[in-house]
Amino acid sequence: MKTKVLFANVIVTAVLFSACNTEAELPENASLKNSINTSIETLATAVNKISSSSDFKLLSELNESANSQVSSTQYAPTAQADSINIKLADISGIYEYSPNRVKKGQSNIMRFFERTADNDIMIVKLPVEKVKNPRILFNYLPGDTTLTNNFEATVNNYSYTSSRYQGREYLVSSAFSIDQTPIGSFKISYLRNKTNGYNYLSQYDLASGYSVKYQENSGDTAVSVYSISEQSTILFEEKTSAYKVSGDNRHRERVYSLTIGNVQIVRSQGKNSLDSAKVYVNGILQNSATVAIIVNSPDSTDQSLTHKKRDIKITFDDGTSTTIRELTATTIDNISAIFKAVKQAYFATDIIDRIAWNIYYHKE
């Protein structure tokens, strides 16, 4: 727990030191109003491109299909086991979807994937129709002979460890393509145990160069991060660190920051509690502007702008005021939908897990 508290303090120190240090070195020559408008316009363009991209639409479609059907854990042969430990080396190789009955012991079983070559990672080729309809992934249908293995998953990292007594640790990193056209890659990690609590990361890198990341952890100090970036440039990032209050199941906010392009809003705990927030442009403190945090859902466990549970009011040096919601129009709604899809990522885990388990437990 001390490590998590130290990590949160490092975040606070880094944010404030960066802002103050840049403030001393750079001239105050950027207009806050122009900067926030330009940054939001750039963000809106990126969000529209992500939402309308063919790869993200496919992601949403696959998520809906996987979510509406049976979860992969119900197919796991390990459901009753006290301990599970599957690594990438256990399932490495190149596999083609090729249903075939094979003899194992005294019985015949249906093997759906044929190992066609050695490889240090796991590469799986299967029909996209099976990906879109996970319920029939391991059901052989007469029409399957006409299907083409046009969906490819390149799994370069995989680890699934679960113990009834020590908790669960999970990691998968995979790139996907259809008809040899990249549709992006996913990285998902999950850890839950009595010692470290809960840690989760879900990152989707689109083929177009955009990256969407959601991260959260629990414990005495909880941190959550929502971010959208293009290459190495952050277009949107909402970060919250909160500490656990004794006798209360909820966490109390310690530091909140919102970054949109070159504009950053930071509110940290101090002598005035969390009543005062500061705004920076290119790291330069805007002394003539004021910022107020508006909480729309005080009882919500996730009081984020991303999920529309709060808003931010900015009063500029000319006396005019606006809110982030007013400036972004429908962009925040689209951002919320994007993060929901990436956070759930049903198909990325459901399909890969079921294939990995099938390969692992039906190896010769």
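A residue counts as buried at under 20% relative accessible area, as exposed over 50%, and as partly exposed in between, with a 1.4 Å probe and protein chains only. By that rule, 47% of the 364 residues of the protein are buried. The model is predicted: local features need pLDDT of at least 70, side-chain atom pairs count only at pLDDT 80 or more, and totals for chains, interfaces and linings use all residues. Residues are numbered from 1 along each chain as its sequence is written, and side-chain values use heavy atoms, with hydrogens and water left out.

**Overall make-up**

- The protein has 8 helices and 18 strands, taken as DSSP runs (helices H or I, at least four residues; strands E, at least two) and numbered from the N terminus.
- Of the contacts between residues at least 6 apart in sequence, 54% join residues at least 24 apart; a contact means heavy atoms within 4.5 Å.

**Nonpolar core**

- The largest nonpolar core has 79 residues, where a core is a set of buried Ala, Val, Leu, Ile, Met, Phe, Trp, Tyr and Cys residues joined through side-chain atoms within 4.5 Å.
- Residues with the most contacts inside this core include F113, L126, F151 and F236.
- Leaving aside residues up to four places away in sequence, L126 touches Y97, F113, V131, L137, T148, N149, N150, F151 and I355.

**Sheet β16-β17-β18**

- Three strands form an open, antiparallel sheet in the order β16-β17-β18; two strands pair if DSSP finds at least two bridges between them.
- β16 (290-295) and β18 (321-323) are the edge strands, each with a single partner, so one side of each has no neighbour in the sheet.
- From one strand to the next, the twist averages 20°.
- β16 pairs with β17 (residues 310-315) over 6 bridges, and R310 in β17 is the bridge partner of V295.

**Aromatic pairs**

- The structure holds 15 aromatic pairs, meaning Phe, Tyr or Trp rings (six-membered ring for Trp) with centres within 6.5 Å; planes under 30 degrees apart are stacked, over 60 edge-to-face, and the rest tilted.
- F186 and Y204 are stacked, at 4.7 Å centre to centre and 20° between the planes.
- F186 lies in strand β7 (residues 181-193) and Y204 in strand β8 (residues 197-205), 18 residues apart.
- F186 is buried at 4% relative accessible area, and Y204 is buried at 3%.
- Y190 and Y198 have ring centres 5.5 Å apart and planes at 75°, so this pair is edge-to-face; both residues are buried.
- Ring pairs join Y190, Y198, Y200, Y214, Y226, F236 and F339 into a cluster.

Notes
Axes are lines fitted to C-alpha atoms, for helices over the stretch in contact, and angles run from 0 to 180 degrees between N-to-C directions.
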